[in-house]
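Me: I have a model open and would like to learn how to read its features. Could you walk me through a few of them?

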Amino acid sequence: MIQHQLIEACKQNDRRAQLKLYNKYCDGMYYVALRFINDPFEAEDAMQEAFIKAFQKLAQFTGDVSFGAWLKRIVINKCLDKLKARKLEMVAINEQVLGTVEEEENWNVDDHVGIDEVKASMQQLPEKYRYPLMLYLLEGYDHQEIAEILDISQVASRTLVHRGKKKLQDELKEKRYGTGY
């Protein structure tokens, strides 16, 4: 069954089609959730809730983006809802004080730094930088999308990503050259 037919069957509440669609995307969406919620049980819970919401809102899926991208957005939003429920508060940024941060492509770290080391260091960042940076670097969202997802301005998104990159870069340099290891 091709994807379009599978989605149409799911819209008709075909349970077998829903199970096929779930099985096709559950592993990938679990890992997306796990990147945001560092607890495997909480991540699975968020993923399950996201699938339930996706099946309830499937009529709103227009096909403008791939189904996987649409579902990923729901999973990320569900993760952020769970984090907010845990009293996660994004720090408000005073936009009058901030200028527009220019994107810097000066992203130099030691060649021996691997992706696992970057991800581990990213997990150590303060939450106000971690989530915008994850959305930008790992999930590939632009600042407009990050602003919508996190309910912040694009200026705040640029600033948080910029500052998060600097903190991450400093952390990686300290680990490599400082007392880290």
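Me: Is Phe61 buried or exposed?

Reply: Burial is read from relative accessible area: under 20% is buried, over 50% exposed, and in between partly exposed, using a 1.4 Å probe and protein chains only. Phe61 has 11% relative accessibility, so the residue counts as buried. Keep in mind that this is a predicted model, where local features need pLDDT of at least 70 and side-chain atom pairs count only at pLDDT 80 or more, while totals for chains, interfaces and linings use all residues. Residues are numbered from 1 along each chain as its sequence is written, and side-chain values use heavy atoms, with hydrogens and water left out.

Me: How many aromatic pairs are there in the whole structure?

Reply: Rings of Phe, Tyr and Trp (its six-membered ring) pair if their centres lie within 6.5 Å; planes under 30 degrees apart are stacked, over 60 edge-to-face, and the rest tilted. Searching the whole structure gives 8 aromatic pairs. In one of them, the ring centres of Phe61 and Trp70 are 5.3 Å apart and the planes meet at 55 degrees, so this pair is tilted. Trp70, at 17% relative accessibility, is buried. Phe67 and Trp70 also make a tilted pair, with 5.7 Å between centres and 40 degrees between planes.

Me: Where do Phe67 and Trp70 lie?

Reply: Helices (H or I, at least four residues) are DSSP runs, numbered from the N terminus. Both residues belong to helix α4 (residues 67-85), 3 residues apart, or about one turn of the helix. Phe67 is buried, as is Trp70. Together, Tyr25, Phe61, Phe67 and Trp70 make up one aromatic cluster.

Me: Which side chain of opposite charge is nearest to Arg130?

Reply: A salt bridge needs a side-chain nitrogen of Lys or Arg within 4 Å of a carboxyl oxygen of Asp or Glu. For Arg130, the nearest oppositely charged side chain is Glu127, 4.4 Å away, and this buried arginine has no salt bridge. Arg130 sits in helix α6 (residues 127-138).

Me: What polar contact does the side chain of Arg130 make with a side chain?

Reply: A polar contact is a pair of N or O atoms within 3.5 Å; within protein, one must be able to donate a hydrogen and the other to accept it, and residues adjacent in sequence count only if both atoms are side-chain atoms. The Arg130 side chain has such a contact with the side chain of Tyr131, at 3.3 Å. A polar atom of the Arg130 side chain also lies 3.4 Å from the backbone oxygen of Gln123.

Conventions
Helices (H or I, at least four residues) and strands (E, at least two) are DSSP runs, numbered from the N terminus. Lys and Arg count as positive and Asp and Glu as negative; His and the chain ends are not counted.
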